[in-house]
Amino acid sequence: MPHATALIVALTVFSAALVALLVVRPSITATRSGKILAFAVLFLLPLLSAAMGVSDEMDHSKTTTFCLSCHTMESYGKSLYIDDPNHLPAAHFQNHRVPAEEACYTCHADYAMFGTMKVKLHGLRHVYVYYLGTLPKPEDIKLYEPFNNRECLHCHLGARSFEEGAVHNADPATMPAIKANTLSCVSSGCHDVVHDIAHLHDAKFWQGSN
């Protein structure tokens, strides 16, 4: 968000200018109003700038561009363009079944820094590994926990195509199992072709976005 970034920069520059003023003219703090100004400049404005910066970067970290900025995730980004309707991420991304600009986050919200405290710690671990650790090979990246149907049902629950799907209703036990997360949406025989980056070299890619 360019406007938010510009505002944060402007606020930071303004705060720095006021700090410089207090350094050059410390006598300002002799009065009550000067003390209030010093408190605002040295504590309130930096906290406000930091809070705005964190909020802006947290929003930015939801974007597909941010997720794919890591070299290790490049193959996963390519998989979004595989020309195969059975390829789950590609079909959702190319048909805008999820917001293209937040595709990764939409389907992996439980894997990002916006869920429980445990998930936030996972996100911080990703940052640590990226800057200070050893990056794994793309094919070695695994989910911390099995994919939860909740991430699919956020969008599909209540949709006619889902609720009345022939396969979903062929067996009376299937739909309740899906909704209870006891039968995974990505289990074998269902929507089991996910990123499948091991076979990217054999894939045909969609060119419609170019």
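The legends below describe several close-up views of a predicted model. Residues are numbered from 1 along each chain as its sequence is written, and side-chain values use heavy atoms, with hydrogens and water left out. Because the model is predicted, local features need pLDDT of at least 70 and side-chain atom pairs count only at pLDDT 80 or more, whereas totals for chains, interfaces and linings use all residues.

**View 1**
Gln94 belongs to helix α5, which covers residues 88–94; helices here are DSSP runs of H or I with at least four residues, numbered from the N terminus. With a relative accessibility of 18%, Gln94 counts as buried, where buried means under 20% relative accessible area, exposed over 50% and partly exposed in between, for a 1.4 Å probe and protein chains only. The side chain of Gln94 reaches the backbone oxygen of Leu80 at 3.0 Å, a polar contact being a pair of N or O atoms within 3.5 Å, of which, within protein, one must be able to donate a hydrogen and the other to accept it, while residues adjacent in sequence count only if both atoms are side-chain atoms. When neighbours within four places in sequence are left aside, Gln94 is in contact (heavy atoms within 4.5 Å) with Leu80, Tyr81, Ile82 and Trp206.

A search of the whole structure finds four aromatic pairs, for which rings of Phe, Tyr and Trp (its six-membered ring) must have their centres within 6.5 Å, with planes under 30 degrees apart counted as stacked, over 60 as edge-to-face and the rest as tilted. The ring centres of Tyr81 and Trp206 are 6.3 Å apart and their planes stand at 15°, so this pair is stacked. The pair links distant parts of the chain, since Tyr81 sits in the loop between α4 (74–79) and α5 while Trp206 sits in the segment after α11 (174–179), 125 residues apart. Tyr81 counts as partly exposed at 28% relative accessibility, and Trp206 is likewise partly exposed, at 28%. Together with Phe93, Tyr81 and Trp206 form one aromatic cluster.

At 1.5 Å a residue, the 16 residues of helix α7 should span 22 Å, and the C-alpha atoms at its ends are 22 Å apart, which agrees; the expected span is 1.5 Å times one less than the number of residues. Val119, His122, Gly123 and Val129 are buried in α7. Seen down the axis of α7, its buried residues fall within an arc of 120°, so they line one face of the helix, the arc being that of the directions from the helix axis to the C-beta atoms. The face turned away from this buried side carries the exposed residues Met117, Leu121, Tyr131 and Leu132.

**View 1. The ring pair Tyr130 and Tyr131.**
The rings of Tyr130 and Tyr131 have their centres 4.9 Å apart and their planes at 85°, so the pair is edge-to-face. Tyr130 is partly exposed, with a relative accessible area of 38%, whereas Tyr131 counts as exposed at 63%.

**View 2. Gly34 in helix α2.**
Gly34 lies in helix α2, which covers residues 32–60, and is buried, with a relative accessible area of 2%. Not counting residues up to four places away in sequence, Gly34 touches Ile28 and Thr29. From the C-alpha atom of Gly34 to that of Cys190 the separation is 68 Å in space and 156 residues in sequence.

**View 3. Ser187 in the segment after α11.**
Ser187 is found in the segment after α11, where a polar atom of its side chain lies 2.8 Å from the backbone oxygen of Ser184. The C-alpha atoms of Ser187 and Leu42 are separated by 55 Å, and the two residues are 145 residues apart along the chain.

His96, in the loop between α5 and α6 (103–107), has a phi near 55°, a positive value in a residue other than glycine. His96 is exposed, with a relative accessible area of 57%. Asn181, which is found in the segment after α11, has a positive phi of about 70° although it is not a glycine, and counts as partly exposed at 33% relative accessibility.

Key: Helix = DSSP H or I, 4+ residues; strand = E, 2+ residues; numbered from the N terminus.
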